[in-house]
Amino acid sequence: MLDLLDAELLGIITLTLRMTLMSTTISAILGIPLGLWLDRADFTGKRLVVAINRTLMASPPVVVGLVVYLMLMRNGPFGFMGLLFTFEAMVLAQVLLITPIICGIVYTASARNSERIHLFAQTMGANRWQTKILLIRELSNELYFAIVTGFGRAMSEVGAIMIVGGNIRHHTRTMTTSISLLRNRGEIDQAIFLGILLMLIAFAVQLLISLIRRKERRTDENF
Amino acid sequence: MKISKLKKTLGAFSLEIEHLSLTPGKIYGIIGPNGSGKTTLMKLMAGLLPPDSGSIDWPGLTPRDITMVFKKPYLIHDTVLRNLTYPLTLRGLPPDPATVDHYLTLADLQKYRNAYAPGLSSGEQQKLSLIRAMIFSPKLTFIDETFSNLDMESAARFERLILDRQQKDPATYVICAHQLSHIHRLCDEVLFLSNGRIEAQGTTEDILLHPEHPLLQQYLQFVQMQ
């Protein structure tokens, strides 16, 4: 098994983490403001937009992968960019998958709490920016949950990145696509090993985030 | 401070105030049965709810001079101390440790200063929201049934605090309470609200001791029976 613990494996792990972190970061940057805006905005068709977002939250990864593939294929509208079977294409597919999830969770949390927070901020004399900062601070647990959910989805995703990344050795092979390949080859032991490793990495990342958050809280309490 | 031709409809309920004027530095009480529009009127006056029509003028006051304490207060997900000093932080004012200690002691919250505020009991949360509204000395304070959750000793302490402050640096208070004893001890004038209309208005003594309006008489009789 454990010739797997070589440079190739390290490359696969690094690529997986880079892709997951990058797609989660981009999705958080897009999804959090979008979710907060969607809650406060008042426009015709808002309920339709919310319903579409909820549908996208449950969209099958292979369908998203297929759409991105069709967009990026040589004859597709963005084929000229030459992004198919690249790291960027995998990140793009994941961003399309994760952003609605983060946006949806943030929207729901904001819809439940923002009215009271805004009212309270007003009674305290907070200006517009102070109110926004307060809202984000007060929803920090929900935002954290949204990001962690997005991260988990990105880390475990295989269908979309398989289609747009192509699972090319030393290039776009990630841990999940490797597991899929190993299973096809009948190398079950190695697939299980990679699976356990993937779980451990996901656990370690969650633990790290939790520790950072706990440290932040302790700092607050020492005020 | 003048309110004229104020109208607000919320579902089947509608509030209509033809004219109301408040004198700065006085304590006003609002009484009336449930659903009479007390909270709605307070929110409108505090600028937290836009009226459908009419005007509310608070000459010389900015939104930062006005605050409201709710029946169910909102506490930020932080310590008691951070909650108390939050309005000062917003104004860039450094909290004076002696003042902070004074308020925490007054509210019996000194031992919880570093505790998580939303974890306090409902009475403690009310007390925290009251001292938080007082620490930045707003010129106009609306208190919506906050006294009802306090034990008698705490309520008396807060009443004394408000009356003491009125002597030193008078501000305007509008207090809504079902317990008429609070209204009687604190307020200079009282408004009686019923079905979204001000049915009676006058000095506390006139309204509570010599009520003329039949609806007010009926309400007082019912409250006193309880």
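This report describes parts of a predicted model, taking chain A as a whole and then selected features of chains A and B.

## Chain A overall

Chain A contains nine helices and zero strands. Its pattern along the sequence is accordingly written α-α-α-α-α-α-α-α-α. Along the principal axes, the C-alpha trace of chain A spans about 65 × 50 × 25 Å.

Of the 223 residues in chain A, 43% are buried. The accessible surface of this chain is about 12300 Å², and carbon and sulfur atoms account for 66% of that surface. When contacts in chain A between residues at least 6 apart in sequence are considered, 74% of them join residues at least 24 apart.

## Helices 5 and 6 of chain A

Helix 5 of chain A covers residues 128-138, and helix 6 of chain A covers residues 140-156. The axes of these two helices come within 4 Å and cross at roughly 60°. Because of that angle, helix 5 of chain A counts as oblique to helix 6 of chain A.

Which residues meet where these helices touch? From helix 5 of chain A come A:Ile136, A:Arg137 and A:Glu138, while helix 6 of chain A contributes A:Ser140, A:Glu142 and A:Leu143. Sorted by class, the contact has two nonpolar, one polar and three charged residues.

## A sheet in chain B

In chain B, three strands form an open sheet in the order 2-1-4, with antiparallel pairing. Strand 2 (13-21) and strand 4 (53-57) of chain B are the edge strands, each pairing on one side only. From one strand to the next, the twist averages 25°.

Helix 1 of chain B, residues 38-45, packs on the sheet and touches strand 1, strand 2 and strand 4 of chain B. The direction of helix 1 makes about 125° with that of strand 1 of chain B.

Strands of a sheet pair through backbone hydrogen bonds, in either a parallel or an antiparallel way. Strand 1 of chain B (residues 2-10) runs antiparallel to strand 4 of chain B, and four bridges join the two. Within this pairing, B:Ile3 is opposite B:Ile56 of strand 4 of chain B.

## B:Thr141

B:Thr141 lies in strand 6 of chain B, which covers residues 140-144. Is B:Thr141 buried or exposed? The relative accessibility of B:Thr141 is 4%, so this residue counts as buried, the cut-off being under 20%.

What does B:Thr141 contact, leaving aside its neighbours within four places in sequence? The residues in contact with B:Thr141 are B:Thr67, B:Thr172, B:Tyr173 and B:Val174.

How values were computed: Residues numbered from 1 in each chain as written. Chains lettered and ligands numbered in written order. Predicted model: local features only at pLDDT ≥ 70, side-chain atom pairs only at ≥ 80, totals over all residues. Heavy atoms only, no water. Pairing = 2+ DSSP bridges. Axes fitted to C-alpha atoms, helices over the stretch in contact; angles between N-to-C directions. Contact = heavy atoms within 4.5 Å. Parallel < 35°, antiparallel > 145°, perpendicular 65-115°, else oblique. Nonpolar A, V, L, I, M, F, W, Y, C, P; charged D, E, K, R; others polar. Buried < 20%, exposed > 50% of the residue type's maximum accessible area, 1.4 Å probe, protein only. Areas by Shrake-Rupley, 256 points an atom, 1.4 Å probe, with all protein chains shown as cover.
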